[in-house]
Amino acid sequence: MPSKAKTGKKLVIVESPAKSKTIAKYLGEGFIVEASIGHIRDLPQPSELPADLKKTSLGKFAVDVENDFKPYYVVSPDKKKKVAELKAQLKDADALYLATDGDREGEAIAWHLLEVLKPKVPVYRMTFGEITKEAIHRAMDNLRDVDAALVDAQETRRILDRLYGYEISPVLWRKVARGLSAGRVQSVVTRMVVDRERERMAFKAASYWDLTGQFGSDAGSFKAKLAAVDGAKVATGRDFNDDGELTSRNVAHLNEELATSLAAALQDADFRVRSVDTKPYTRRPAAPFTTSTLQQEAGRKLRFSSKSTMQVAQRLYENGYITYMRTDSSALSDEAVTAARRQAAELYGPEYVPQSPRVYTSKAANAQEAHEAIRPAGDSFRTPAQVAKQLSGDEFRLYELIWKRTVASQMGDAKGSTATIRLGALAADGRDAEFSASGTVITFPGFLAAYEEGKDESRGDDESDEARRLPNVAKGDGLTASEIIAVGHETSPPPRYTEASLTAELEKKGIGRPSTYASTISTIQDRGYVRKQGSALVPSWIAFSVVRLLEQHFTDYVDYEFTADMEGDLDKIANGQAVGAAWLKHFYYGEDADPGLLSIVNNLGEIDAREINSVPIADGITLRVGKFGPYLESSVPTVDPKTGEVVESARANVPEDLAPDELTAAKAVELMETAAPEERVLGADPHTGHTVVAKNGRYGAYVTEIIPEMTEEQLANQPVEYYKNGKPKPPKKPVKAKPRTGSLFKSMTVDSVTLDEAMQLMSLPRVLGADTEGNPITVQNGRFGPYLKKGTDSRSIGSEEEIFTITLEQALEIYSQPKQRGARAAVPPLAEFGPDPVSEKNIVVKEGRFGPYITDGITNITVPRDTSLEELTRERAVELLAEKRAKGPVKRTTTRKAPAKKAAAKK
């Protein structure tokens, strides 16, 4: 058979079409660049296995657990056409270049392509960290083979996740709820969020007070805070534990009375400077971005979710704007260092660039995803202004963030000085009070001229001293005091995780890979384990049940250290220091005294589902996680005030938007006391005889009919079906009739709704008639209010009561009008206060779902319950918006001015 004629064509396979288009520009003629569009094959669901394999050792996981954990792969149905196209292209090629990403996942995609395509031409593995002409040409000069160790690590991780999920998830289905899932990393991350909420639930606030004062001299005035009383340091939030106990010794714990009396005793005191201490200030720039730090900073500065950050970064990488975005390394290549230093000097001046390049090393224990940090692509960087017209808004913002961080990382230190002034006086009651003020003055901005790293919310009560210039005073100088005020504080609970702070904690603990953090955080939200409240991550009650079960019966598998060790073991496999099959055998079957997952699952014993799904809230009140959501149950018999009946086990629904730490004992009692009856019998349907009841459900109150079960006589009288051979078939289980239901109007309650109203509600939708073309028109109630429906054309109507009074003629009149786009006409604001001094947007008060709220179009804050709209002033509105923006960690209570000896005149 004659050999195939050489065509000179070379086939290059990458993952994405966007990447293929960019690379094709740099390779030129003779190269055909195609995209596999991700993985082409994977483990099938066990139910999709061929019939002859389902009863073998492959049957449970599509992994042969009895033969070195060999996986059974299938080409995904949606990839069969793509595989056929790649095989056709390969027939005419003289060489195959596998140019998928250089991490484990990319290496596995390359290996699967090799296994499926079975090429008969030379095969080369080609990797690059950025998609630029220089990088592609360098990659062509550094070709290699597929890395078997990286493939083994990815395959081991895939099988491990299959074993973990398929063994543990069914336990959750049986004991908590159907449809739940367990995951090697997702379950541990869920536990972290639940643990933080537990800390908040157990937290007890402590109250403490201090003083602030405004002090002045000929050189200027400044604000200072009480630091010590009679030589003892004044207690701050850091001196208390989470039980509200004072843990520090030899501190002065001021209460309201002591603080207020001290403020009054200092009104005429002779204040003098006791010391002035000045120290040099130096601050180094942050390292270039890794995957983890990029997600954190984009969350803080751009308000991007981790998932959005990675999606935008993927587009920037594939289109040649940044380097590969999945990396644990903070190092820069020599070319990148040169480019950053050159650009810093050009834009900010040569004095902003240190004599020697800065060298960064990864903090990760085993940085393996890529060899370089995330930075602008190329041997010379494009400024944000140069790419602004080529990028979307989000792409530009993220590129600018990466560019600033990279350039700043090669700039000089910020330098300045920090001054601390200690001042004091003897109070009229004999107590010695010492105040302190600190400020930092930046004399050389260095890298701050380009970039400053953001911060997460933290606990504590220290205000920032940066960019605060203090007057030039000397020891012994006299000072005038004004506005000495007693200020009350309460300690704050640990802040909830945000996506940024959770990502940082995961990296710190070594749990999972930074490249998977975004998908993991997205998964726990999609599964209903965690929801967002603003930027904070709040666990659901079902997450509490899941974590509790896993902690009690699968302790190691949600242990932070155990999970981090597993990640380290996968790293060893990736480095060729261990073999995946042997590691999986130890994990699944165990060894000696170390039980494997299989042994633990087979020896679970009895699991008390009721106990797992119960959380004590108050004496006699327990939260239960039920089929239709969480509810409160009281074990103390109560008397229904309306009927006088003794209720043995009263229940109350828990509002969906109520965070677990907000369900205090007092709140639980309130919910129980205000709970409407779960069910009220209204009577019998006059036509069917079915009992009609009103109920409180998870999504609101509604009415429904109770359809009785078929009697034995009715079941016996059902028609008999026969097989072809004449034998009778077993009787079928009767299909349950679906009861009619209807949601109550807003004006109705379970207590007040009548049988006649219930019959009307259950009759909906109401048919009004048809238009001239014969299209039926109905009226019904929906999630957003009452509306008319004609085919796919829906029109809102005024009120729920109109559902039963509107006529066909009125409906036709509505349909004769042009359809209004948008939900409804804009509602005028309740009040307007002019532009906000910070955002410069107009401040208005609007009616919201939970009452009136103040907004400038960017920040929203509910009007406090104790403030009427008539009493609300512009100053108060501005103040509330500022407080909401700040979200300071310190919860301030009463601010009281000390009583002065004589009334001060208003200036």
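**Helices, sheet and chain**

Reply: Helix H4 (residues 104-117) lies across E1, E7 and E8, and runs at about 170 degrees to E8. The model is a predicted one.

Me: What makes E7 and E8 paired strands?

Reply: Pairing requires at least two bridges between two strands. Strand E7 (residues 95-98) is joined to E8 by 3 bridges, so the pair meets the definition. The two strands run parallel. Within this pair, Leu-98 stands opposite Arg-125 in E8.

Me: What is the order of the strands in the open sheet?

Reply: The sheet has 4 strands in the order E2-E1-E7-E8, with parallel pairing.

Me: Why are strands E2 and E8 said to stand at the edges?

Reply: Strand E2 (31-35) and strand E8 (123-125) each have a single partner strand, so one side of each lacks a neighbour in the sheet. From one strand to the next, the twist averages 20 degrees.

Me: Which helix packs on the sheet by touching E1, E2 and E7?

Reply: Helix H3 (residues 80-91) does, and strand E1 spans 10-14. Touching here means heavy atoms within 4.5 Å. The direction of H3 makes about 170 degrees with that of E2.

Me: Why is Gly-798 called exposed?

Reply: The cut-off for exposed is over 50% relative accessible area. Gly-798 has 63% relative accessibility, so the residue counts as exposed. Gly-798 lies in the loop between strand E34 (793-796) and helix H24 (808-816).

Me: How far is Gly-798 from Arg-876 in sequence and in space?

Reply: Gly-798 and Arg-876 are 78 residues apart in sequence, and their C-alpha atoms are 35 Å apart.

Me: What share of the chain counts as buried?

Reply: A residue is buried when its relative accessible area is under 20%. Of the 907 residues, 44% count as buried. The chain exposes about 48300 Å², and carbon and sulfur atoms supply 50% of that area.

Me: What share of the contacts in the chain with a separation of 6 or more comes from residues 24 or more positions apart?

Reply: Such residues account for 68% of those contacts. The chain's secondary structure comes to 25 helices and 39 strands, and its C-alpha atoms fill a box of roughly 115 × 90 × 70 Å along the principal axes.

Me: How many positive and negative side chains does the chain have?

Reply: There are 124 positive and 130 negative side chains. Lys and Arg count as positive, Asp and Glu as negative, and His is not counted. The centres of the two sets lie 4 Å apart.

Technical notes: Residues are numbered from 1 along each chain as its sequence is written. This is a predicted model: local features need pLDDT of at least 70, side-chain atom pairs count only at pLDDT 80 or more; totals for chains, interfaces and linings use all residues. Side-chain values use heavy atoms; hydrogens and water are left out. Axes are lines fitted to C-alpha atoms, for helices over the stretch in contact, and angles run from 0 to 180 degrees between N-to-C directions. Buried means under 20% relative accessible area, exposed over 50%, partly exposed in between (1.4 Å probe, protein chains only). Accessible areas come from the Shrake-Rupley method with a 1.4 Å probe; for residues, only the protein chains shown count as cover. The place of a charge is taken as NZ of Lys, CZ of Arg, CG of Asp or CD of Glu.
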